[in-house]
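Please read this note with the sequence and the coordinates at hand.

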Amino acid sequence: MFVLLFALWILFNGKITWEICLFGLVISGAIYLFAIKMLDYDVQKELRLLKKIGGVFHFLLVLLRDIIKASFHVIGVILSPKKEIDPKLVFFYTDLTTNMGRVGLANAITLTPGTITVFCEHELFCVHALDSQMWMILNLCIC
């Protein structure tokens, strides 16, 4: 939070001088200490959040890769008239413990072309996949 406050100070000033940087450090530090003491801000919570950012970034990269792969597969299904479509309803359990994680997984599955999350109850998911190959692409995303 301190770094963000200091970056905002520099951004709003529009130029960088030693005076602006020193005042920014003092003012950002004062606001940071105020947030810790008066607003019940937790430094440990901020550190835990910073540790999770890498995992979230990795998840988004894997999701983007799977969306691109699934998009090309769906285009292939649409453009090939001889290909049989074999839709499937797939049930699986996940070991995600938080509701936020389950909702994120359900939305990631639905964002992937050719798949829709039908329902999600606790650890049980039901996904409609366009065909069995779509399920293989999606299976890589879930693992």
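1. Basis of the note. This is a predicted model, in which local features need pLDDT of at least 70, side-chain atom pairs count only at pLDDT 80 or more, and totals for chains, interfaces and linings use all residues. Residues are numbered from 1 along each chain as its sequence is written, and side-chain values use heavy atoms, with hydrogens and water left out.

2. Geometry of the helix pair. Two packed helices are described by the angle between their axes and the distance between the axes. Helices (H or I, at least four residues) and strands (E, at least two) are DSSP runs numbered from the N terminus. Axes are lines fitted to C-alpha atoms, for helices over the stretch in contact, and angles run from 0 to 180 degrees between N-to-C directions. Helix 1 (residues 2-13) and helix 2 (residues 18-38) have axes that come within 9 Å and cross at roughly 140°. Helix 1 is therefore oblique to helix 2; angles under 35 degrees count as roughly parallel, over 145 as roughly antiparallel, 65 to 115 as roughly perpendicular and the rest as oblique. The crossing of helix 1 and helix 2 is right-handed, a crossing being right-handed if the near helix is turned clockwise from the far one by less than a right angle, and left-handed if anticlockwise.

3. Residues between the two helices. Contact means heavy atoms within 4.5 Å. From helix 1, Phe2, Leu5, Phe6, Trp9, Ile10 and Asn13 take part; they meet Ile20, Cys21, Phe23, Gly24, Leu25, Ile27, Ser28, Gly29, Ile31 and Tyr32 of helix 2. By class, this contact of helix 1 with helix 2 has twelve nonpolar, four polar and no charged residues. Here Ala, Val, Leu, Ile, Met, Phe, Trp, Tyr, Cys and Pro count as nonpolar, Asp, Glu, Lys and Arg as charged, and the others, Gly among them, as polar.

4. Serine 28. The side chain of serine 28 reaches the backbone oxygen of glycine 24 at 2.7 Å and the backbone nitrogen of phenylalanine 6 at 3.3 Å. A polar contact is a pair of N or O atoms within 3.5 Å; within protein, one must be able to donate a hydrogen and the other to accept it, and residues adjacent in sequence count only if both atoms are side-chain atoms. Leaving aside neighbours within four places in sequence, serine 28 is in contact with Phe2, Leu5, Phe6 and Trp9.

5. Tryptophan 9. Tryptophan 9 is found in helix 1 and is partly exposed, with a relative accessible area of 26%. Apart from neighbours within four places in sequence, tryptophan 9 is in contact with Ile20, Phe23, Gly24, Ile27 and Ser28.

6. Cysteine 21 and leucine 22. Both residues belong to helix 2. Cysteine 21 counts as buried at 17% relative accessibility, whereas leucine 22 is exposed at 52%. Not counting residues up to four places away in sequence, cysteine 21 touches Phe6, Ile10 and Ile16.

7. Helix 4. Arginine 102 is placed in helix 4 (residues 99-111) and counts as buried at 10% relative accessibility. Its contacts, residues up to four places away not being counted, are Leu96, Thr97, Cys120, His122, Glu123 and Phe125. Valine 103, also in helix 4, is partly exposed at 45%. The C-alpha atoms of valine 103 and cysteine 120 are separated by 8.3 Å, while the two residues are 17 residues apart along the chain.

8. Histidine 122. Where is histidine 122 placed? Histidine 122 is in the loop between strand 2 (115-121) and strand 3 (124-129), and counts as exposed at 60% relative accessibility. Most residues other than glycine have a negative phi. Phi of histidine 122 is near 55°, a positive value in a residue other than glycine.

Methods. Buried means under 20% relative accessible area, exposed over 50%, partly exposed in between (1.4 Å probe, protein chains only).
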